Structures are given as C-alpha cells and as structure tokens.
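Here is a short tour of one protein model, written for someone new to reading structures. Take a look at the picture first, then read on.

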Amino acid sequence: MNLAVVIGSTGGIGGALFDALEADGTFDAVVGLSRRTTPNINLLDEATIATAAAFVAERGTPKLIVDATGMLADATAAPEKAMRAIDPDAMARLFAVNAIGPALLMKHFLPLLPREGTALFATLSAKVGSISDNRLGGWYSYRASKAALNQLVCTAAIELGRTHPQAICVAIHPGTVATSLSAPFAKQGLDVLAPAEAARDMLAGLARLRARDSGGFFDRHGQRLPY
C-alpha cells in the first residue's frame with residue numbers, strides 16, 4: 001500500500017492535513033500519528049517514535065510523510081522579548097520539541113521511504129527561524145530551535161540523497177494559521193489562515209517540489225525561503 005503519514009495529526013494543522021489527504025484519495029491509506037493515537041508518538045520519547053515507524057512499515061510504503069508538530073510556548077514559557085527573559089529550561093524544551101524531536105523522526109522515518117521513485121518528507125518550520133530574514137529580534141528560543149531544524153533538514157537531505165536519489169526532504173513554513181499555538185501571538189491585521197486553507201496550500205506547494213529541491217526551506221506555496 002502507498003501511504004501518506006501525518007505526524008501530529010490531532011493538532012490544528014496536522015488534523016487539517018490528515019482530512020485533506022483522506023479526501024483527496026491519492027493514497028491507499030492515510031496514517032495519523034500523535035500523542036493521542038494508537039500507537040502514540042511522543043517527540044520526547046524515542047522509543048515511541050521507533051514503535052510508530054515500525055507500525056507504518058507494517059502497513060505499507062510511505063510516499064509522503066508530513067511532520068506537523070511544533071511548540072511556540074507552554075504554560076510556563078512565552079516567546080522572549082529580550083535577552084533578559086531567556087530561561088535555559090524553557091529553551092531546552094523548545095529545542096527538544098522543535099529540533100531534536102524532528103531529527104529523531106527523520107532518523108526513524110526517512111529509511112521507510114521507497115528507494116526508487118518520488119517520495120517526500122516535510123517538517124513544519126517557521127519563517128522566523130530564517131537567520132538572514134531576522135529584522136526584529138526577540139523570540140530567541142523559538143527562532144533558534146527552528147533555525148536548528150532547518151539545518152537538520154538540510155543535513156538529512158544530503159544523506160538521504162545518497163540512497164534515495166528521487167526523495168525530497170524539506171522544511172516548510174505554513175504561514176500564520178488559526179490554531180492554539182499561534183492564537184495568543186497573532187497580530188491584529190496579520191493574514192491568519194484557516195487550518196484547512198493552510199493544508200490545501202501546503203499540499204499543493206509540496207506537489208510542486210522536485211528532487212533538486214531537497215534540503216530546502218519553502219513557504220506553503222512551494223516558494224523558496226532564505227535560511
């Protein structure tokens with residue numbers, strides 16, 4: 001079976017991606033994974049990631065894997081407005097979820113992609129993780145964790161290309177989407193997308209990518225963004 005896999009499928013963006021892929025009917029099955037599915041997947045627990053990857057491998061061959069996980073803030077930490085607000089524990093949590101977790105997903109899920117033919121792994125990054133595009137400062141932990149994710153994607157894509165020459169591994173910025181993650185920080189007047197609209201745009205944008213784009217950072221329409 002040709003599979004699509006959505007990691008973070010019970011979140012706002014992940015749920016919309018899951019629904020869009022099921023409605024599209026391109027794949028034989030769509031597998032959703034999250035902390036609330038069976039098997040569950042917890043980015044802070046590598047054993048659950050390995051178990052989830054084995055579950056997918058038993059179901060078929062994933063041709064599309066989208067990691068729709070991420071963390072901007074939690075009950076005890078918010079994006080920093082200044083250096084004096086940096087907290088090492090909060091920063092470590094963001095790196096664990098936004099960089100180390102996706103790295104472990106790539107470790108266990110990229111080998112499942114077919115060695116022949118087009119296949120794609122995409123993970124949600126953020127435009128504020130772009131170093132060259134940083135004009136406002138602030139948000140130290142979130143920016144740095146997403147910049148780290150972009151580097152991990154670029155590095156993994158190089159290794160993947162040696163064994164899977166037609167596979168694509170990219171980071172994608174979904175835009176500002178109306179989810180619980182972004183709601184407290186969405187500025188008035190900012191273009192905020194409904195999850196279904198963001199999912200539709202992302203899937204169309206990903207469909208435009210080719211093997212030569214592997215390792216890149218793109219917006220939801222498939223347009224390249226600067227690292």
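Patches are made of residues with over 30% relative accessible area and no salt bridge, where like charges are joined within 9 Å and nonpolar side chains (Val, Leu, Ile, Met, Phe, Trp, Tyr) within 5 Å. A salt bridge, in turn, is a side-chain nitrogen of Lys or Arg within 4 Å of a carboxyl oxygen of Asp or Glu. Accessible areas come from the Shrake-Rupley method with a 1.4 Å probe, and for residues only the protein chains shown count as cover.

With that in hand, M83, I86 and Y140 make a nonpolar surface patch of about 280 Å². Y140 sits in helix α4, residues 140-163. At 31% relative accessibility, Y140 counts as partly exposed (buried means under 20% relative accessible area, exposed over 50%, partly exposed in between, with a 1.4 Å probe and protein chains only).

## Where the model comes from

This is a predicted model, in which local features need pLDDT of at least 70 and side-chain atom pairs count only at pLDDT 80 or more, while totals for chains, interfaces and linings use all residues. Residues are numbered from 1 along each chain as its sequence is written, and side-chain values use heavy atoms, with hydrogens and water left out.

## The overall fold

The protein chain has five helices and six strands (helices are DSSP runs of H or I with at least four residues, strands are runs of E with at least two, and both are numbered from the N terminus). Follow the sequence and you get β-α-β-α-β-α-β-α-β-α-β. The radius of gyration, taken over C-alpha atoms, is 17 Å, close to the 17 Å that the globule rule gives for 227 residues, so the chain is as compact as a globular protein of that length (the rule is 2.2 Å times the number of residues to the power 0.38).

Of the 227 residues, 50% count as buried.

Most residues other than glycine have a negative phi, and most peptide bonds are trans. Here, the peptide bond from T38 to P39 is cis, with omega near -5°. P39 lies in the loop between β2 (29-33) and α2 (46-59).

W139 is not a glycine, yet its phi is positive, near 50°. W139 belongs to the loop between β4 (119-124) and α4.

## Why no disulfides?

The structure holds zero disulfides (a disulfide is a pair of cysteine sulfur atoms within 2.5 Å). The sulfur of C154 is 9.3 Å from the closest cysteine sulfur, in C169, which is too far for a bond. C154 is partly exposed at 25% relative accessible area, while C169 is buried at 0%.
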